[in-house]
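This briefing goes through one protein model and its ligand, topic by topic. Please look at the sequence and the structure before reading the points below.

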Amino acid sequence: MVTLEVNIHILLVTFPAQGHVKPAIRFARRLTASNASLLVSLATNEAIGQQMRDSGATGSDEHINFETFSDGLSVDGNQHDVDKFMAQLNRAGPEGLATLINDLQVRGRPVHCIVSNPFVPWVVDVAEGFGIPCAMLWVQSCAVYAIYYQSLYRLGEFPTPERPNIDVSLPGLPVLKTNELPSFLVPFAPYQCLADAILGHIKKIKKVKWVLANSFHALETEAIQSVSELTPIMTIGPLVPLGLLERSTASEVRGDLWKSEDDCLDWLNTQPKESVIYVSFGSIVSLSPKQIEELAWGLASSGRPFLWVAKPVDSTSEFLLPTGFLDAAAGRGKIVKWCPQVEVLTHPSVACFVTHCGWNSTLETIAAGTPILAFSHWGDQVTNAKFLVDVYSVGVRLERDAEGVVRREEVCRCIKEIREGQRASKIRENAMKLKEAAREALEEGGSSDKNLRVFVEDLISLAREEEAIRVRLPNDQSPDD
Ligand SMILES: O=c1ccn([C@@H]2O[C@H](COP(=O)(O)OP(=O)(O)O[C@H]3O[C@H](CO)[C@@H](O)[C@H](O)[C@H]3O)[C@@H](O)[C@H]2O)c(=O)[nH]1
């Protein structure tokens, strides 16, 4: 391991959401494990910072420091109106972040590089204002990156209000129907502010020195090749705990925003091998009461044990299970509000995962080699589902009816399909091959390992140059003067 005379301090600014905090912490761990000269400060807004402290997510790690910046909202402020929240974050975030950077300088921790994940385009401007080199940690798939990039620059034909339903054909990707594109790109789709934020971030990509993607080459070879011809990208994933790939038993800072009900692992210990259906929709997706009802009765009538993460969207709402369901599923079903997903996915009792196909869940499942029942909702999830089912062939898609509901019969049909018959065997075989490919990407000399080293070496060279300039300059001059 190369060590430097100076420490290199990386400020990792994460969008305040579970699906962004988790890969950011895992990236921080990879960096600090790769070189003893690297220190990482992970920064998010005050509300999420508080939530992380409350759930014990900030755990101890001598090379990773947890910081917050102000977005002008109180820590217990209502963040559930996405439009208002994004507007506030865009308005107050830049000043809050600039204050934090100055404060770190005063505390003797000048920042050498800023890394941000998507949805916070203003971070690039703040970094530029301070003259600090900037990287983007892309926390979705490279295929999705390619789609957003080409939509931004209209490099292909995309749906418009006049022609909302077209097939989109882009190099290196399968033909995508409108409902397989990241939903923010579909005309009149909800959460336009998120489309603006993500496209706004990609627009600034020319000012960013490195784009580091949480993916791996063997998974997305063609998409990576085709997008690389347009704009540079380096895969450094999958950002999953190494224990998931059986490479290490090192403990991880888990980064959960909610207290995890770890005793579900004891319950899993009592279940037969490869029998349990694990069900979770990540941190943001909410199901309609009708959908909860259909899913519940589908699980109850599947005849199999299940572990269901039934999380209310926020502290003011409840997750209402249908009357009689708990009695019907007694002894066979376990319901929790949050679980240690990585441990669950690797538990020998788990047979398959009913997932919303968020990118972290997707990569964790791939790394665990667990077959998937794809139940996507919006954003990149729909594109991830397309790839999981039709390209990687590691899952089965739960189909919605004309009202947009996945009915109980469909739940049962898919559980049967992923467990029995020829397609099920092929899916299990493919899942094991992808797991192996994920392991290879991360092992020494693997594609993601090499890219991470390139990034770290670039940082070291930059720090050396800066140090050389500082030594040559008189004491009262900074390199920028
Ligand atoms: O009980 C649970 C449930 C989830 N998780 C973890 O929470 C994370 C969830 O991330 P993800 O699967 O990506 O879902 P979301 O939180 O919904 O992520 C949002 O952000 C992602 C990155 O932008 C997008 O890919 C998703 O579509 C978007 O919904 C994963 O690491 C899970 O292991 C737990 O630890 N315990």
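Cys357 sits in the loop that joins β11 (350–355) and α12; helices (H or I, at least four residues) and strands (E, at least two) are DSSP runs, numbered from the N terminus. The model is predicted: local features need pLDDT of at least 70, side-chain atom pairs count only at pLDDT 80 or more, and totals for chains, interfaces and linings use all residues. Residues are numbered from 1 along each chain as its sequence is written, and side-chain values use heavy atoms, with hydrogens and water left out.

**Backbone**
- Cys357 has a positive phi, near 70 degrees, and is not a glycine.
- The peptide bond from Gly237 to Pro238 is cis, and its omega is near 5 degrees.
- Pro238 is placed in the loop between β7 (234–235) and α8 (264–269).
- Most residues other than glycine have a negative phi, and most peptide bonds are trans.

**Domains**
- The protein is divided into domain 1 (8–239 + 444–472) and domain 2 (256–439), with bounds from an automatic or database domain assignment.
- Taken over C-alpha atoms, the centres of domain 1 and domain 2 are 27 Å apart.
- To the contact (heavy atoms within 4.5 Å), domain 1 gives 37 residues and domain 2 gives 26 residues.

**Ligand site**
- Around the ligand there are 24 residues, of which Ser283, Cys339, Ser361, Glu364 and Asp380 come nearest; a residue counts as near if one of its heavy atoms lies within 4 Å.
- The shell around the ligand draws at least three residues from each of domain 1 and domain 2.
- By class, the shell around the ligand has seven nonpolar, 12 polar and five charged residues; Ala, Val, Leu, Ile, Met, Phe, Trp, Tyr, Cys and Pro count as nonpolar, Asp, Glu, Lys and Arg as charged, and the others, Gly among them, as polar.
- A polar side-chain atom of Ser283 is 2.4 Å from an oxygen atom of the ligand.
- For Gln381, a polar side-chain atom lies 3.0 Å from a ligand oxygen atom, and for Gln341 the distance is 3.2 Å.
- The elements giving two or more residues to the shell around the ligand are α1 (18–34) and α12 (359–368).
- With five residues, α1 supplies the largest share of the shell around the ligand.

Terms used: A polar contact is a pair of N or O atoms within 3.5 Å; within protein, one must be able to donate a hydrogen and the other to accept it, and residues adjacent in sequence count only if both atoms are side-chain atoms.
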